[in-house]
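Subject: Structure handover

Hello,

Here is the structure I promised to pass on. My notes on what turned up in it follow below.

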Amino acid sequence: MKCSIIISYSHAYESVVRLYQSLENQSFPSSEYELIFINYGDKDGFPEYVAERSQRTRVRCFLIQRGTVAQAKNLGLRKAVGDLAIFLNGDEIAPRDFVAGHYETYERFGCNVMQFGLTKQVFEDNDQVFFENRELFRNGIRYWLTAPEQYGLEKHKSYYYIKDIRLKMMEPYRYDFTKVKYKMIFTQTSNLSVPMECVRRFGGIDENYRGQEIEDWEFGYRMMKNGVQIVYNPNVAVFHLYEKEKFDIKRYTEWKNNLDVMLNKYNDNFLNELTEFGSFFDPVRRERLRKAEPSKNIWLEIYKHLELSARKPIQVY
């Protein structure tokens, strides 16, 4: 088996069905990849849905009732039999060449490579969605999504998408990712692949984090410190259909606490520079900055300054 696609999800039955449909119609040989779905919420009807269909590829479903996303991903890693593990979230949509794109890059670079792809946020064309995301739209051009039915969306509705902010983060380097210093900030397990050999040697997802932001950074940083090359693969972008997300004080505080856990884990001045994100995590400071300069993307400005002040990380082999 060449690839194991690990899909973690919670309370997202309709979304995970849409993702499943996109993954069973891949250009990659169906006998060479498997789908591992891990539900870390409450029991749903997805395993029954899969069982009722004639499967083109191997599909396995697991449940960690009211677990964490890290537990779900690690269970997927333990069950995986492919040479390459590919992570996806259950609310995404994979284009037809998604699996092939990840595996071809893995073959080209060899075993010691972690690769990430971007996520294009898709929005239905209506006034309410535009109002809810007007601040987000200020920071990017909207592109119309043609033939939405190819992605499991409704044929007679209009959709548009915006590019992943990580493209803006690469802009100062003219999109040459080899020049980026804080590569682990890009390693989101919503679209990420890593050879199983690297997982066996350096470990899976650290479960000492709440949520799923900083734990992805830590996973990428651990690979980076151990000589695994992190690369950007522009050919494996996925789509994520907009759902109103809850960014409140609790979420930002949790994110900040996770960063503190990561900084305490490593003795590395390179990582200590990440404290610059304090103004992003602090809701009071963030709101003050937003009022003073409403057009500024705070995350992007902090990241650019971080790259300019980067120190060389400690290498451990």
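Tyr20 has a relative accessibility of 0% and therefore counts as buried. Phe46 counts as buried too, also at 0%. Please keep in mind that the model is predicted.

The two residues form an edge-to-face aromatic pair, with 5.9 Å from centre to centre and 80 degrees between the planes. Tyr20 belongs to helix H1 (residues 13-23) and Phe46 to helix H2 (residues 46-51), so their pair ties together parts that lie 26 residues apart in sequence. The structure holds 33 aromatic pairs.

There is also an aromatic cluster made up of Trp217, Tyr252, Trp255, Phe277, Phe280, Phe281 and Trp299. Beyond its neighbours within four places in sequence, Trp217 is in contact with Met184, Ile185, Thr187, Leu259, Met262, Leu274, Phe277 and Trp299.

Glu215, in helix H9 (residues 214-225), is buried but has no salt bridge. The nearest side chain of opposite charge is that of Lys73, 4.2 Å away, whereas a salt bridge would need a distance within 4 Å. Leaving out residues up to four places away in sequence, Glu215 touches Val69, Ala70, Lys73, Ile205, Asp206 and Tyr209. Lys183 has its charged end over the ring of Phe177, 5.5 Å from the ring centre.

Regards

Key
Residues are numbered from 1 along each chain as its sequence is written. This is a predicted model: local features need pLDDT of at least 70, side-chain atom pairs count only at pLDDT 80 or more; totals for chains, interfaces and linings use all residues. Side-chain values use heavy atoms; hydrogens and water are left out. Helices (H or I, at least four residues) and strands (E, at least two) are DSSP runs, numbered from the N terminus. Buried means under 20% relative accessible area, exposed over 50%, partly exposed in between (1.4 Å probe, protein chains only). Lys and Arg count as positive and Asp and Glu as negative; His and the chain ends are not counted. Contact means heavy atoms within 4.5 Å. Rings of Phe, Tyr and Trp (its six-membered ring) pair if their centres lie within 6.5 Å; planes under 30 degrees apart count as stacked, over 60 as edge-to-face and the rest as tilted. A charge sits over a ring if NZ of Lys or CZ of Arg is within 6 Å of the ring centre and within 35 degrees of the ring normal.
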